[in-house]
Amino acid sequence: MTDRAGIRISRVSRVFEGRGATVQALDDVSLECPAGSFTALIGPSGCGKSTMLRLALGLDHPNDGEIRIGGLEPLAAARQGLTGVAFQDAALMPWRTVEDNIMLPLDVLDKKRGAFRAKVDELVDMVGLSGFEKALPGELSGGMRQRAAIARALVTTPDVLFLDEPFGALDQILRRQMNIELQRIWMESNATTLLVTHGIDEAIFLADRVVVMQSRPGRIGQVIDIPFARPRQSAIFSDPQFHALEAEIAGALDGH
Amino acid sequence: MTDRAGIRISRVSRVFEGRGATVQALDDVSLECPAGSFTALIGPSGCGKSTMLRLALGLDHPNDGEIRIGGLEPLAAARQGLTGVAFQDAALMPWRTVEDNIMLPLDVLDKKRGAFRAKVDELVDMVGLSGFEKALPGELSGGMRQRAAIARALVTTPDVLFLDEPFGALDQILRRQMNIELQRIWMESNATTLLVTHGIDEAIFLADRVVVMQSRPGRIGQVIDIPFARPRQSAIFSDPQFHALEAEIAGALDGH
Amino acid sequence: MAGQGRLGTLRNWGILLVLWEIVGRLRLVADGALPAPSAILQRLWIDWSDYPPHIWATIEGASIGFLIGNALAIAAGILFVLFPLTGRLARGINIALFALPPIALSPILVITFSGMTPRIILAAIGCYFITMSATVTGLSQTDRRAIDIVRAYGGNRWKVLRLAQLRSALPSILSGLRIAAPNAVLGAILAEFGGGGRFGLGVYLIGSLGRGEPDRLWGIGLAATLIAGLAYGLFSLIAARLTGASRAVTMPAAAPSEARAKGFLRETMIVLASIALPFLFWWVLLYAMGTPAMIAKTPPALFEYLFLSPQSATNLGKLAAALAQTLPMTIIGMAVGLAFAFALAIGSVLYPVIVRAFMPVALVTQTMPLVALTPLLVLMLGRGHSVILWITVSVTFFPAFVTMAQGLSLVSRAALDVPRAYGAGPLKQLRLVTIPASLPYVFASTRLAVPRALLGVMIAEWLATGKGLGNLLNQSRGYLDYGMIWAVAVVSVLLSVVFYQLVVLIENRVLSKRGMSPAQ
Amino acid sequence: EPFNFQASWINDAEFTGYFIALDKGYYAEEGLDVTYFSGGPDVIPESTLIAGKADLTLTTPDTTIKAIADQGAPFRIIGAQYQKNPIGIVSLASNPINSPEDLVGKTLAVPPVNIISVEAMLKTSGVDRSKINIVPYAYDPTPLIKGEIDASVDFTTNVPYTIEQAGAEAVSFLLYDFGFTIFNDTVVVTEDALKNNRKNITGFLRASRKGWNDNFEDPSVWPPKFADSWFKGTGRSIENELYFNRAQQPLMEHPDGIFAMSEESIEANIEALNAVGIAAKREHFDTSVLEDIG
Ligand SMILES: Nc1ncnc2c1ncn2[C@@H]1O[C@H](COP(=O)(O)OP(=O)(O)OP(=O)(O)O)[C@@H](O)[C@H]1O
Ligand SMILES: Nc1ncnc2c1ncn2[C@@H]1O[C@H](COP(=O)(O)OP(=O)(O)OP(=O)(O)O)[C@@H](O)[C@H]1O
Ligand SMILES: Cc1ncc(C[n+]2csc(CCO)c2C)c(N)n1
Ligand SMILES: [Mg+2]
Ligand SMILES: [Mg+2]
């Protein structure tokens, strides 16, 4: 893992001139995620989290400020295959089977599918979709679609991973399981990870650092470091420090 | 509130012959929700919760068994304007403004929009979308879209309310707020409510009864009554009985 | 369910055939000018030995034209989507190719080329605009989410096209090919009227025309329909298989494009350039092919013909008088043709079995050359407005119908679930969801119908009423009055461009208000 | 030498003479390698000359001369296949139209290109054109047979047969006999070709005349011989061609031989065309090739 894979968001603003209203989705936001770090982004609905991810992926452009992924323009970084992403909406292609959807990034990046066969099987298994490899998205439940999207985000073993509420549609047990898997994968790959989540516990369990955003205009309110050692076990959920952090983050959230 | 509005699901089975696999989404499932009751449905991803809702709405048909809403066929009940629904996916019409999306059920049921003006404004306000009445869904964040869908489900003051993970994309604070609002609305309208959720705490806070489902094949595992008096306050989250129930439900979930 | 639908379709076909047989046997229509199917088959049986060389010749011309025309159309559609400016600049040329009356074009092709070439070119032109539009519509209506995921992995325009847009556009492109199939067959047949070859259903038809044997003409028409029908059926089947998996599972919530101030000057320049380009193209083409000046009027020569020569006043007068006769019917024909297409498209949702049973009839109207059909129509409807309307509608509705029906069938299940959950019946689903969701397709089909309406009116004028631009065109051919031929062609193209542009204007307004992206 | 001939219509008895000349090698004897192009409704024969696709073609003289007079088209008429234009007014015996006067109050179907001819005929006959309902005609006699129209303008050598086949009886008269005294299927070349390709043109005409002469020895002989060659798959019947062939004989034959253009008939053409405002002149006709073949 080189330093190439850090995320630097510098003084970024994004204003939407919508039909409903003019929204300052991001107002002079700066955020630095060192290579290999795990950052959780938490904040009220509509505060600009997804917007920030879209900007970092090069899918949208800031009105002001600059974004660098490993020193590169977002799109350039993406083109090098540095990034992986799971959107808030699963965004599977309806005509591709689960398997083919998971392999989409390979097709985009011109990687040989053959070399990833084992990896895909492993991921399908990990997200609990064994037996559904050949199913079309229309034949899956909401949570199953989201899991396919997670597998897709991981298939290229990206250096930079963007996850927008990837576990929102999962039950708590599966969610916890996926949290543990994600931690394992992160530790193995050391991918710089930016995770948007509404789960405070999930954020604390996974992240080195929880960034709490505030809305109208979208901005960073507080950054809270999470000191737990790795690998973290389920046990930390009952750690008093965990509860203290939970309360701190909840407070920061409330204070908007 | 008459008894018309109860939900009776009797020995329902639904098998999907998918491309991926043949799935027994529901296997001989029976469930009775008396008029005015609040039932929470909880279960692992892919266990058949959404399928059950779709059957109860008449959007899909069981291979076996029977469903009655207030004694009527699901579609007949829907045609009478008895039901309200928020899908797992917000399912807003992209070409309609937030306001117009919320009023879609009125258009379907040939109700005069004018008479619901105040109601719509109140709902928009309740879900925190004031100022976005004229925005198109594409201009909203994921959570905002979900909130518009909730408002849409409530606009007709339905006698039977189906909610499929309506708060999945909301932050915890907003979620709690919405839980309280939902309880208020439910108590006022006394609508028979079936809520699919992954939040155990949410289920306990809101429901008279939590139905825990298990998967492959989809079936009802355990039904747990929630004895708390109404209106419930946030305080119950720290009630020891609450934690006991939480543990019981988690156990039922785990035991699949 | 599907099996039942197919059975129902077969049953309706049966009913239709029996009805036709009764009508034919009892000579109920036009004193027996509409022959019974059994009479047509009998005639086909007798004449069968004549058919094979004609059928093969037509298949050859039509299929090569189909391949070339559609390949170019898809390539052009892709180009126009990748570089929208090219699409806007080429608009004039595209419409010109679509709106040029074959009766004006065919003689020029016949003297410029020889052998199969005119047939292939006319068949290809018959396909081009339709498939190009379908491609552009399909590509531009791709779910944003599918595009975003490819772009998020650094996919360039080409990758987006290959992995997301092309597949998502497939049903739409196939619907284009479905319309193109009868057009290619008809194009080949029309070019066969131009002579040169001895074989082809068109040649056979012209020879048979003078015999006053409607059953023979219908036999030829049905043979042509069968060729087109096979292609139509094939593409429908593929489309039906693909459409299921092409519909979005959940509803897209694409961000509408933010209002952007467009430079008025720039917009005007583009429109003017798109109008000027076909003229330039025409000039260069004539120059390159070395077509003699008497036949090939260049733009300046045409200008002289219309404005500078001593006869200009007469020429302009004739043109204006003809235009005054043609224009009102064109507008009415457009409206009625579109209304019919729309009704059929809605019917394909509400009563799919009935509409599917109607498809063979629709195909006959698309492949049966109107030279052969008009005498019958005239017997039934006279030579007034109703025959113009009938012909115009028959020329207009098909592409519009297929395009609209395709759009309606692509609406996602999730979108329909909402009104259904509130007990909405099929009509209400259509009104509240299906139609608004497929508005881009509705407009795309309107854009197809508009130039065709003018063509339909002109054909009716030429064959039935002897008035207006169509008659003027045909008459001028007899006088070798190439100035007038070109003048009529240019006027009809300009009119089409104006109507088309009008639709585009409305389309952009309506769609951008709804946060949808137009499909041009 | 290669020589391209553009016919004015699809293969029917109208072109029997050329088929005979081709099959019997009369053109080859003249040293010509003739390519025969069939015509059709969308073929404008004069255009093929201008485009250089054909060396010689058959045309309707009003069209050709109008093009020469109005647009300076470089054509010369060097012969006439039909001394009398076979085009006439055809009607049903049950509703007969025997003269232009009979047309008053009737519906007449006219190919748009022939409107001028009809109007000329009416004018010379003193019939008010506005009293006749003229509608387009596209060579399908069904509306006539069914009575939707009262008469049509078509080849009298052809349609009456069709009408008989349909079980009705036809009557007809030629426009020629009511004042529109023009040739038809006039043999046309370009001025340029007449200068530079004279030998081949002469050879073509000579060989064609031989073919036609063979044909008219007995008009029943040749059409059946072409059943599987020239007339194969035209959609027309051999009986039809036989009728046509017989009917056209009196319209074509001339004491000076097939294609002849006597000064009187040229004069009659010019007069008829002038009467409808087409500025025909003697110089549009060139009889020198005919003189050469004798
Ligand atoms: N394309 C757009 N046009 C107009 N406004 C937009 C657009 N995209 C986002 N917005 C606005 O920007 C704000 C931030 O949206 P964003 O999607 O980033 O929120 P979020 O933090 O991801 O919220 P959620 O948790 O609900 O997903 C919202 O107020 C939204 O209305
Ligand atoms: N249309 C379909 N075709 C084939 N299989 C389907 C279809 N719809 C649902 N299924 C299958 O039925 C099962 C139940 O799906 P359902 O959507 O009811 O799950 P769920 O309980 O709502 O899950 P989640 O919490 O993930 O939304 C799944 O295994 C799914 O694959
Ligand atoms: C049998 C026969 N029928 C139609 C035509 C077509 N046609 C070509 S020229 C012409 C008359 C116009 O002056 C007509 C009707 C033909 N040649 N022979
Ligand atoms: Mg978001
Ligand atoms: Mg579900």
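**Ligand sites and chain contacts in the predicted assembly**

In this predicted model, the shell around ligand 3 is made up of 5 nonpolar, 3 polar and 2 charged residues. The residues in question, which belong to chain D, are W9(D), D12(D), E14(D), T60(D), I87(D), N114(D), Y139(D), F155(D), N158(D) and F244(D). The space that ligand 3 takes up is the largest cavity.

A nitrogen atom of ligand 3 lies 2.7 Å from an N or O atom in the side chain of E14(D), while an oxygen atom of ligand 3 is found 2.9 Å from an N or O atom in the side chain of N114(D). For T60(D), the corresponding separation between a side-chain N or O atom and an oxygen atom of ligand 3 is 3.2 Å. Ligand 3 would expose 420 Å² if taken alone, and the protein buries 92% of that area.

The surroundings of ligand 2 draw on several chains. Because the residues around ligand 2 come from chains A, B and C, the site is shared between chains. The shell comprises 22 residues, of which S141(A), S45(B), G46(B), S50(B) and T51(B) come nearest to the ligand, and by class it divides into 7 nonpolar, 11 polar and 4 charged residues.

Polar approaches to ligand 2 involve both side-chain and backbone atoms. An N or O atom in the side chain of S141(A) is placed 2.6 Å from an oxygen atom of ligand 2, and a polar backbone atom of G46(B) lies 2.7 Å from an oxygen atom of the ligand. In the case of H198(B), an N or O atom of the side chain is 3.3 Å from an oxygen atom of ligand 2. Taken alone, ligand 2 exposes 640 Å², of which the protein buries 91%.

Definitions and conventions:
Residues numbered from 1 in each chain as written. Chains lettered and ligands numbered in written order. Predicted model: local features only at pLDDT ≥ 70, side-chain atom pairs only at ≥ 80, totals over all residues. Heavy atoms only, no water. Near = heavy atom within 4 Å. Polar contact = N/O pair within 3.5 Å; in protein donor to acceptor, adjacent residues only side chain to side chain. Areas by Shrake-Rupley, 256 points an atom, 1.4 Å probe, with all protein chains shown as cover. 1 Å grid on protein atoms, 1.4 Å probe; cavity = no way out; pocket = protein on both sides within 12 Å on 5 of 7 lines; lining within 4 Å. Sits in = over half its atoms within 2 Å of the grid points. Nonpolar A, V, L, I, M, F, W, Y, C, P; charged D, E, K, R; others polar.
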